[in-house]
Amino acid sequence: MSYVFIVNKTKGTNLGNADVADSFFSRFKGLMMVKNLKRGLILKLPSERSRRASGIHMFFMRIPLDVIFADSDKKVVDVVTLDPWTIYTPMAPARYVIELEKGKLMESNTEIGDELDFTCESA
């Protein structure tokens, strides 16, 4: 797994470092059982999917997360803060699901419509 630095280009704020999960297994494992989040995680979906297929679950999670859903142009289509053991379907299809430490959305003022910048290998 490689990692990238995420920037909110619209607001000029930093979201920090994130690992990139671009294989089935790395997306499946995600951040399950993590106690202390060292950096975020970008789930790179195989293609921009339907709303339902872009959804995530927080089963076996130990910490709450801020989650950003972005389309293939890295434009934010939904944001949410999720607690462990919840399920969420975004308001629009997404290509990237970005899981961050709770508080990053407020700290960076990231919201729907913002453009992000990060480079995933083999993007």
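Here are some friendly notes on the salt bridges and one surface patch in this structure.

1. Before you start, keep in mind that you are looking at a predicted model.

2. Let's begin with the charged side chains. Side chains of opposite charge can pair when their charged atoms come close. Searching the whole structure turns up four salt bridges. The next points walk through some of them.

3. Find Lys11 and Glu111, whose side chains meet in a salt bridge with an N to O distance of 3.0 Å. Lys11 sits in the loop between β1 (3-8) and β2 (13-21), while Glu111 sits in the loop between α2 (104-108) and β9 (116-117), so this pair ties together parts that are 100 residues apart in sequence. Glu111 counts as partly exposed because its relative accessible area is 39%.

4. Now stay with Lys11 and look for Asp114. These two side chains also meet in a salt bridge, at 3.0 Å from N to O. Asp114 belongs to the loop between α2 and β9, and Lys11 to the loop between β1 and β2, so the pair ties together parts that are 103 residues apart in sequence.

5. Asp114 has a relative accessible area of 3%, and because buried means under 20%, Asp114 is buried.

6. Another salt bridge joins Arg39 and Asp19, with their closest N and O atoms 2.9 Å apart. Arg39 is in the loop between α1 (24-29) and β3 (40-44), and Asp19 is in strand β2, so this pair ties together parts that are 20 residues apart in sequence. With 34% relative accessibility, Arg39 counts as partly exposed.

7. Finally, turn to the nonpolar side chains. Which residues make the nonpolar surface patch of about 450 Å²? The patch is made by Phe59, Phe60, Trp85 and Ile87. One of these residues, Phe59, lies in the loop between β4 (56-57) and β5 (65-70). Phe59 counts as partly exposed because its relative accessibility is 30%.

Conventions: Residues numbered from 1 in each chain as written. Predicted model: local features only at pLDDT ≥ 70, side-chain atom pairs only at ≥ 80, totals over all residues. Heavy atoms only, no water. Patch = residues over 30% accessible without salt bridge, like charges linked within 9 Å, V, L, I, M, F, W, Y side chains within 5 Å. Areas by Shrake-Rupley, 256 points an atom, 1.4 Å probe, with all protein chains shown as cover. Helix = DSSP H or I, 4+ residues; strand = E, 2+ residues; numbered from the N terminus. Buried < 20%, exposed > 50% of the residue type's maximum accessible area, 1.4 Å probe, protein only.
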